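Open the model in your viewer and keep the sequence beside it. This tour goes stop by stop, telling you what to select and what is there.

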Amino acid sequence: LVPSFDKMAYISVNQQDRVLYACSCFLLSPLGELYFCRRCKVPRCQECVASAVDNLSCPNCVDNGPVIEARKKNRCGRCFKCPQCSNTLSLRTSILSNEGANDQTKLQSGETTSSPDVSKSTIGSRSPGGTKLYHLACSYCRWSTREVNIKDKRSPLDFKDRTSSHQKQIDDLISFYKEFANKDWMEREQVKKPLRRVKSFTTSLESTKYNALKLPDSELLANIKHAGSISTGSSLSETVAAIPTIPDPLPDDIYKTAINLGNITTLEQRLLDPTYQPTFCYELWPRSVHLIGKKLHRCKGCEHILIKAEISPTSIRFKMQQIAWHSIPQVRITQLPKGDAPCEIIISVSNPSNYAMDISFSECSSDLLSHLKEKPVKVILPVGTFVLTPSDDVGDALESTDDADVKTVSSFIHSRTAGKLFLKFKIADEESNDRVNIACMLKFPYKSSVEPFEMCYIEVPVVIRTDKLG
């Protein structure tokens, strides 16, 4: 049965800052923030994994394949946000009569472009009463594109972001640094792979004439020659020199004209559009919705995938999910001494797997002690091997502890439940009333789920932090 904690301090469920596990790099982290590599058979922290963006999607239209133009700026090309309240703008439809359709077409000539992805019934569709036109409106603050003199479009995809006057300078800087990084990478590759020595002049001609495409060095040399032609000073200096350094002067009537705060944008509205930073409300423009992405985590040791989510933006499932919570036993502080009670701490160890585990505790290595900021106290660790029964949800619900295979009797065992064991840790230094740290090594078996399917034992450093005792 679950032990009763009468007249003792009961520790809350959230113990992320109390029980920490050490990674291979000796960085302490809670169990919920660790990964477990099945190939290396070691826990991995946030610093020991490589993260990358797996796929991008729009949170509004749930589009998993944005167009290339939107992917460059990490924005969706179909959804927009209100520049006043940052809510999503909705598409409104208005019908133009057939008599005024020709006049409207003349006004919009050269301003609207039809998208090839939209069907003909959507673009400039003509109903019996007239032609459909679209505009964007906010259902919260009632802002619409008509307030800033943005004309109605014949297609929902005709709404575009306004182009900046500095966009060409930004593109030149980006292309320059891309070529500069490519040149630096190719120079490093040339140092790693030196040129092969050719025995004779004939073999060199044959290799150049017939096998130039097969040799990796030939392509590398061609790329290096192309990268060497990059002028590292001229293009960058011309781009930087074109950027104005003196701001525009203030208007002459700024101190004479009365200010209407209702027509002036707030600081938040200006920072949401850093390219233009509109001053007046009639200069606001709808902003494209930012794309969100799902990350892919890889182990830096073996470069195998640890975390990979499903491609669907609406799914919260994972194709691969190798976290430490599913492989390493969970250690928790269950009971602390109170008052004049002896310095004895009860620790619970939970089995995360569906097979029995033989666990044991030992003193931690000197390498871990050198990385700890606070020196751990002397503690009497449980001696021997203890059996953890498999985790059983039904057994936990019924609070059943009957197990014929478990016959371990020890003075260190406080109690036992299905898939959980309560052990006693005795502190040898009873005079210490400060914050107590317990450092030990937890040894447990791990059944590999990849080839070769074998059982091995793994040791993980565990640091238990408690409050002041007594």
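## Stop 1: Serine 144

Select serine 144: its relative accessibility is 13%, so this residue counts as buried. The cut-off for buried is under 20%. Serine 144 sits in the loop that runs between strand E10 (130–137) and helix H3 (167–192). Now show its contacts. Setting aside neighbours within four places in sequence, serine 144 touches His135, Leu136 and Ala137.

## Stop 2: Confidence

Colour the chain by pLDDT. Remember that this is a predicted model. The mean pLDDT of the protein chain is 75. A value of 70 or more is reached by 69% of its residues.

Next, select residues 1–13. Here pLDDT stays under 50, and the model has 27 contacts beyond four places in sequence for this stretch. Then move to residues 198–218. Their pLDDT is below 50 too, with 10 contacts in the model beyond near neighbours in sequence.

## Stop 3: The largest nonpolar core

Which residues touch the most other members of the largest nonpolar core? Select Tyr21, Ile328, Val331, Ile359, Phe361, Phe425 and Phe444: these are the ones, in a core of 43 residues. In soluble globular proteins, nonpolar side chains tend to be buried together.

Now show the strands. Several supply at least two residues each to this core, among them E2 (19–22), E15 (330–336), E16 (344–350) and E17 (357–362). E19 (386–388), E21 (420–427), E22 (435–447) and E23 (455–468) are also included. Which strand gives the most to this core? Pick E22, which gives 6 residues.

## Stop 4: Phenylalanine 425 and its partner

Zoom in on phenylalanine 425. Is it buried or exposed? Phenylalanine 425 counts as buried, because its relative accessibility is 0%. Show what it touches, leaving out residues up to four places away in sequence: the contacts include Cys343, Glu344, Ile345, Ile347 and Phe361. Val379, Ile380, Leu381, Pro382 and Ile438 are also among them.

## Stop 5: Aromatic pairs

Turn to the rings. The count comes to 5 aromatic pairs. Start with phenylalanine 280 and tyrosine 282, a stacked pair. The centres are 5.4 Å apart, with 5° between the planes. Phenylalanine 280 has 32% relative accessibility, so it counts as partly exposed. Tyrosine 282 counts as exposed, because its value is 54%.

Then select phenylalanine 361 with phenylalanine 425. This pair is edge-to-face, at 5.3 Å centre to centre and 85° between the planes. Phenylalanine 361 has 11% relative accessibility, so it counts as buried.

One more selection: Phe176, Tyr177 and Phe180. Ring pairs link these residues into a cluster.

## Stop 6: A four-strand sheet

Finish with an open sheet of 4 strands. Its order is E6-E12-E13-E14, and the pairing is antiparallel. Which strands are at the edges? Select E6 (49–57) and E14 (318–321), each of which pairs on one side only. From one strand to the next, the twist averages 20°.

Look along E6 and E12 (residues 292–299). These strands run antiparallel and are joined by 8 bridges.

Note on methods. Residues are numbered from 1 along each chain as its sequence is written. This is a predicted model: local features need pLDDT of at least 70, side-chain atom pairs count only at pLDDT 80 or more; totals for chains, interfaces and linings use all residues. Side-chain values use heavy atoms; hydrogens and water are left out. pLDDT is the predictor's confidence in each residue, from 0 to 100. Contact means heavy atoms within 4.5 Å. A nonpolar core is a set of buried Ala, Val, Leu, Ile, Met, Phe, Trp, Tyr and Cys residues joined through side-chain atoms within 4.5 Å. Buried means under 20% relative accessible area, exposed over 50%, partly exposed in between (1.4 Å probe, protein chains only). Two strands pair if DSSP finds at least two bridges between them. Axes are lines fitted to C-alpha atoms, for helices over the stretch in contact, and angles run from 0 to 180 degrees between N-to-C directions. Rings of Phe, Tyr and Trp (its six-membered ring) pair if their centres lie within 6.5 Å; planes under 30 degrees apart count as stacked, over 60 as edge-to-face and the rest as tilted.
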